[in-house]
Amino acid sequence: MDHIDHVLIVDDDREIRDLLSNYLRKNGLRVTLAADGRQMRAFLDADRVDLVVLDIMMPGDDGLVLCRELRSGRHKATPVLMLTARSDETDRIVGLEMGADDYLVKPFAARELLARIKAVLRRTRMLPPNLQVTEAGRLLAFGAWQLDTTSRHLIDATGTVVPLSGAEYRLLRVLLDHPQRVLSRDQLLNLTQGRDAELFDRSVDLLVSRLRQRLKDDAREPAYIKTVRSEGYVFAMPITIAQAREG
């Protein structure tokens, strides 16, 4: 039996929930509705979904809080599409920095939401099966470095903390999740920055260059992030789970 994509819509506006639900169901999706974070958590504790549509402006825990919660818990791999008000550019940027895969500005056509959902799911499924090495621990060790996945920064061999931007962290996480696998520029662009790449960088190559500088990786003969001509990039260094630091 073919898989039917399951979408969870989290929005406090009942009229919007019902409208979107009817449209998406007519177009072949399975849809579950939640009015707030409490209902979202209750459903996700009992079932799984392929994508969460998350409104930012909600009473109680807003969409940014819920997005951060999803990204830090067992649903971190579930794609999130955020709904934002037209004037909230800052919220859109923060949402993407927190790990949202895309956003849609209100008011919008239901047809556009459907297209965005399909695009996000397609991007998410572009990656080959992976080892999910980063699921197992908070500190990931590779070469002379450790990545603290809780505080989202690098630690060098002397224990010095090296901060990362949101885009740099997401790129490194994607690479660490798929070691020894060639990832194309399109895959890296979509998975790290979504459709608004210009908010952070205009080029995957530039972002890779910045991350190499953080890692003190020689661009001419890199040890960590290697360029595969005409294909993309590969993270070449073995990765291990490190012992969490005290304090």
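Q: Hi! Lysine 106: how accessible is it here, buried or partly exposed?
A: Lysine 106 counts as partly exposed, at 21% relative accessibility. Bear in mind that this is a predicted model.

Q: Thanks! And which residue does the lysine 106 side chain meet in a salt bridge?
A: That would be aspartate 55, with an N to O distance of 3.1 Å. Lysine 106 sits in strand β5 and aspartate 55 in strand β3, so the pair ties together parts that are 51 residues apart in sequence.

Q: Is aspartate 55 buried or exposed?
A: Aspartate 55 is buried, with a relative accessible area of 3%.

Q: Which residues are linked in a network with that pair?
A: Asp11, Asp55 and Lys106 are linked in a network of salt bridges.

Q: How many salt bridges are there in the whole structure?
A: A search finds 13. Among them, arginine 41 pairs with aspartate 61 at 2.5 Å, N to O. Arginine 41 also forms a salt bridge with glutamate 69, where the closest N and O atoms are 2.7 Å apart.

Q: Why does the pair with glutamate 69 tie together separate parts?
A: Glutamate 69 lies in helix α3 and arginine 41 in helix α2, so the two are 28 residues apart in sequence.

Q: Switching to helices: at what angle do α6 and α8 pack?
A: About 85°, with their axes 10 Å apart. That makes α6 roughly perpendicular to α8.

Q: What classes of residue are in that contact?
A: It has 7 nonpolar, no polar and 3 charged residues. On the α6 side they include Leu171 and Leu172, and on the α8 side Leu207 and Arg210.

Technical notes. Residues numbered from 1 in each chain as written. Predicted model: local features only at pLDDT ≥ 70, side-chain atom pairs only at ≥ 80, totals over all residues. Heavy atoms only, no water. Axes fitted to C-alpha atoms, helices over the stretch in contact; angles between N-to-C directions. Helix = DSSP H or I, 4+ residues; strand = E, 2+ residues; numbered from the N terminus. Parallel < 35°, antiparallel > 145°, perpendicular 65-115°, else oblique. Contact = heavy atoms within 4.5 Å. Nonpolar A, V, L, I, M, F, W, Y, C, P; charged D, E, K, R; others polar. Salt bridge = Lys/Arg side-chain N within 4 Å of Asp/Glu carboxyl O. Buried < 20%, exposed > 50% of the residue type's maximum accessible area, 1.4 Å probe, protein only.
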